[in-house]
Amino acid sequence: MTSLLPSATLPSAAPATRPLPRALARLLSLDDFEAAARRRLPRPIFGYVAGAAEDNQSLHSNRQAFARYAFAPRVLVDVSRRSQQTELFGRRYASPFGIAPMGISALSAYRGDIVLARAAREQGIPAILSGTSLIPLEDVIREAPGTWFQAYLPGDPQRIDALVERARRAGYETLVLTVDIPVSANRENNVRTGFSTPLKPSLRLAWDGMTRPRWLAGTFLRTLLSHGMPHFENSFATRGAPIVSASVLRDFTARDHLDWEHVARIRRQWPGTLIIKGILHPQDAALARRHGADGIIVSNHGGRQLDGAISPLRALPGVAEAAGGMTVMMDSGVRRGGDVLKALALGARFVFVGRPFNYAAAVGAEAGVSHAIGLLRAEVDRNMAMLGINDPREMNADLLAREALPAD
């Protein structure tokens, strides 16, 4: 069941370029934001965003997968009419990429989830609000209509029904169910950098905050003074626990018994667009289609769940074939406009990017996110021209060549 919405509900092209602060003008790629965020954020917060599971095999594989494909461009093609506008679920977006859901973004930037959603709306792309955000979902969609909501399913049907109803009543029209987290991952990197759930006050944590005074004053203390201690706001239909409470752990348990019947139940209840995120196996793509999903996001959670899981780019062709006519999207490891186009060539209709936009919010708030979007959009445009295409839909496997790398 797809919710067809008028194209006019979102900008279809980027707004006029505004003068950039000098600190942002020096950032020329998405990777530049990571280095800048490392200098801005306390070690535990940066470590939480940057880290993955166990030995980081999947994290590194996500990037390496893109290097296994080279472009085979066409030349002497008139590309003067090129446009990267993309229609998705009845909406027209300015580019074929959006902002992936990222938990606790409000610890990276003041009102981080709103910053991300507002920048995305202004730039004409979708943003997905995380179910582990620290800002109520009602506040985010009020600031940025058209935002998607990503949910981690609670442990029992009554709580599932109540959360889905809460999102519907708030005005969300696209619901993303993340299904690759039956249990919490082994994120040793979080422990090594001093991050924990719940967040445990300590001398080390206090020192890490004091060594980043701009973050301490501009994000953490400003949040405490204006909004009180952050809570997990969107795990249930009611407010969750504060980030320092031991009861936080109870909010993320009892998911190991969830199955496709829970998806069927949500499909019967949810009137809008339903997307399943965390698909890597072709058979699960077929099951998602059979249970009424409108689309899937091929994802290994950015390497943050099962270490050693196949990279989404490598899984993409098989999953796309099994998906039939269902809309296929992808996230994990995207850092360049060329990555976006490679994913489109291998079967994705749309691509989502996570960590770099979180870093951009930490470094430059809404202006930083808008700058990051603009950089990625410019790369997509240049690459389309050099590949000889005018529309993202022209991107196909004939424009790629498989590289024989030592990792193969």
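Me: What should I know about the model and its numbering?
Reply: Residues are numbered from 1 along each chain as its sequence is written, and side-chain values use heavy atoms, with hydrogens and water left out. The model is predicted: local features need pLDDT of at least 70, side-chain atom pairs count only at pLDDT 80 or more, and totals for chains, interfaces and linings use all residues.

Me: How many cavities of 30 Å³ or more does the search find?
Reply: The whole structure contains five. A cavity here is a set of points on a 1 Å grid over the protein atoms alone where a 1.4 Å probe fits but cannot get out, and its lining residues have an atom within 4 Å of a point. A volume is the space filled by probe spheres set on the points, which are joined across faces, edges and corners.

Me: What is the volume of the largest cavity?
Reply: The largest cavity has about 80 Å³. It is lined by 14 residues, and Asp113, Leu116, Ile128, Leu129 and Ser130 are the closest to its centre. Helix α5 gives the most to this lining, with three residues. Helices (H or I, at least four residues) and strands (E, at least two) are DSSP runs, numbered from the N terminus.

Me: Changing topic, which residues have the most contacts inside the largest nonpolar core?
Reply: They are Ile99, Ile296, Phe357 and Val369, in a core of 100 residues. Helix α15 (residues 355-387) gives the most to this core, with 13 residues. A nonpolar core is a set of buried Ala, Val, Leu, Ile, Met, Phe, Trp, Tyr and Cys residues joined through side-chain atoms within 4.5 Å. Buried means under 20% relative accessible area, exposed over 50%, and partly exposed in between (1.4 Å probe, protein chains only).

Me: How many salt bridges does the structure hold?
Reply: The structure holds 19. A salt bridge is a side-chain nitrogen of Lys or Arg within 4 Å of a carboxyl oxygen of Asp or Glu.

Me: Where do Lys277 and Asp331 lie?
Reply: Lys277 is in strand β8 (residues 273-279) and Asp331 in strand β10 (residues 327-331), so their pairing ties together parts that are 54 residues apart in sequence. Their side chains meet in a salt bridge at 3.5 Å, N to O.

Me: Is Lys277 buried or exposed?
Reply: Lys277 is buried, with a relative accessible area of 4%, and Asp331 is buried as well, at 5%.

Technical notes. 1 Å grid on protein atoms, 1.4 Å probe; cavity = no way out; pocket = protein on both sides within 12 Å on 5 of 7 lines; lining within 4 Å.
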